[in-house]
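Work through the exercises below with the sequence and the structure at hand. Each task is followed by a worked solution.

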Amino acid sequence: MSKSDLQTINNILNRGTVEVLVKKDLEKKLISGKKLNIKFGIDPSGKDLHIGHMVPIRKLQQFQSLGHKIQLLFGNFTGQIGDPTGKNQTRTIKTQEELEANAKHYLSQVKKILDIKNIEVVWNADWLKKLNFADVLNLASQFTVSQMMERDMFQERTKKDEPVSVHEFMYPLMQGYDSVALKADVEIGGTDQTFNLLAGRTIQKAYGQKPQDIITVPILEGTDGKMKMGKTTNNYIGVNEPANEMFGKVMSVPDDLIIRYYELATTIPTEEINEIKNKLERGINPRDIKMQLAKEIISIYHDSAAADIAEKEFVQIFSNKELPTAIEVKKLAISSGNIVELLSVTGLASSKSDARRLIQGGGVRINNEKIDSPDLEISLKKEVLIQVGKRKFLKITGSN
RNA sequence: GGGUCGGUACUCAAGCGGUCAACGAGGGCAGACUGUAAAUCUGCUGACUUCGGUCUACGAAGGUUCAAAUCCUUCCCGGCCCA
């Protein structure tokens, strides 16, 4: 076993993990060099991923680099029920084509980190839909109601007088049975998955298998630094976002999250991160460190050239308060128009009322001059530059 | 099945016949300051408007009333307690 392999094993077990159960067991397995089945479950809803989603993916990549088998499991069966982690909405059943498109979309995003040619993609409906009621009862008999209710989320919901449906108890059973079907040696998930991951161990034992080890990884906080990264909270950095967007978003992350982002969202070695930590403690401007971080992240999802350009652009717009190099140009089929109308049709404001509010709040500039009247008529004979807030720029030209 | 409490905007949460597009808080957006950090301060936060208003919204559908988020009826959904 090479030195770098040992390094990777150390990373697997210690970097960016919350819990590793059973750590000694897993360590032994890893050092033995035996090929392991590494399971990771995905909800096939076809969403766009953000760098928070990539935290466990990065962990998978570490396993992959040691030659272990990555089993990406699309929960097309479980997806119909919905993990109680989210809101208890009845999911619409998706067609086969939709599911496949979603999986493709998913893989196209994780391939920036994972070698997707070398993974096994599986669908849990393949085995779950074959189970009959007796099988389900057998699975259910592995747990007591109190054990189920121990799950923190159920506790919370009960405390808040929110409903918990019986079928939600089935979710960990199914996920656990998935581990049986895959003969998983290790399963990875966010800390919110701990219960489900542990259920896998119980159920594997019931089926006479050696229980999987589990690794839980942190849920990355979003750019607001408070809530977990997500689309609904609008605090995410999407992996498919343009480099400039990424740069700005990383810069808006609160200072005290810099190290966490380094640990969870980059491949910078731990020793270097410690150096950065030292620098911060010695009072270096966190802004400069954050710029490094932004470039680091962009290099992963774009490349280092794009990262440099994004940095220049950022300095230009926000430090020097100059215009961006490239501004989108929109052509309209009119020769002039009311400013409120223009803001609304170009999407710079979500409605005419919104446009009026923005103008009254002093957030709109035309050709670099602040305007204050919503009745302004704008001639489009020449190209007009509209700026809304600090970061929305648009050039409009008319029909003649 | 019985009892009881409840369902209000992105979230929490007031309001309990007119002054309610709906108090307040959080979030969001914009402005000042700044490092697009934090903290702080200010304004805005349903849509349309000839800026007079108009329309749509307080679980759903009906009804009472000049007037309903507020009262009545039925229905749907949920919590808790009892069985």
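**Exercise 1.** How many bridges join strand β9 to strand β12, and in which sense do the two run?

Solution. The model is predicted, so local features need pLDDT of at least 70 and side-chain atom pairs count only at pLDDT 80 or more, while totals for chains, interfaces and linings use all residues. Residues are numbered from 1 along each chain as its sequence is written, and chains are lettered from A and ligands numbered from 1 in the order in which they are written.

Step 1. Locate the strands: β9 covers residues 364–366 and β12 covers residues 384–388. Strands are DSSP runs of E with at least two residues, helices are runs of H or I with at least four, and both are numbered from the N terminus.

Step 2. Count the bridges: there are 3, and the strands run antiparallel. Two strands pair if DSSP finds at least two bridges between them.

Step 3. Identify partners. Ile366 stands opposite Ile386, and Arg365 has Gln387 as its bridge partner in β12.

**Exercise 2.** Which residues come nearest to RNA strand B, and which elements contribute to the surface?

Solution. Step 1. There are 29 residues around RNA strand B, and Asp161, Pro163, Gly248, Gly363 and Gly389 come nearest. A residue is near if its C-beta atom, placed from the backbone, lies within 6 Å of the strand.

Step 1. Two or more residues each come from α12 (243–251), α15 (286–301), α16 (304–319) and α18 (352–360). The largest share, 5 residues, belongs to α18.

Step 2. By class, this surface has 7 nonpolar, 12 polar and 10 charged residues. Ala, Val, Leu, Ile, Met, Phe, Trp, Tyr, Cys and Pro count as nonpolar, Asp, Glu, Lys and Arg as charged, and the others, Gly among them, as polar.
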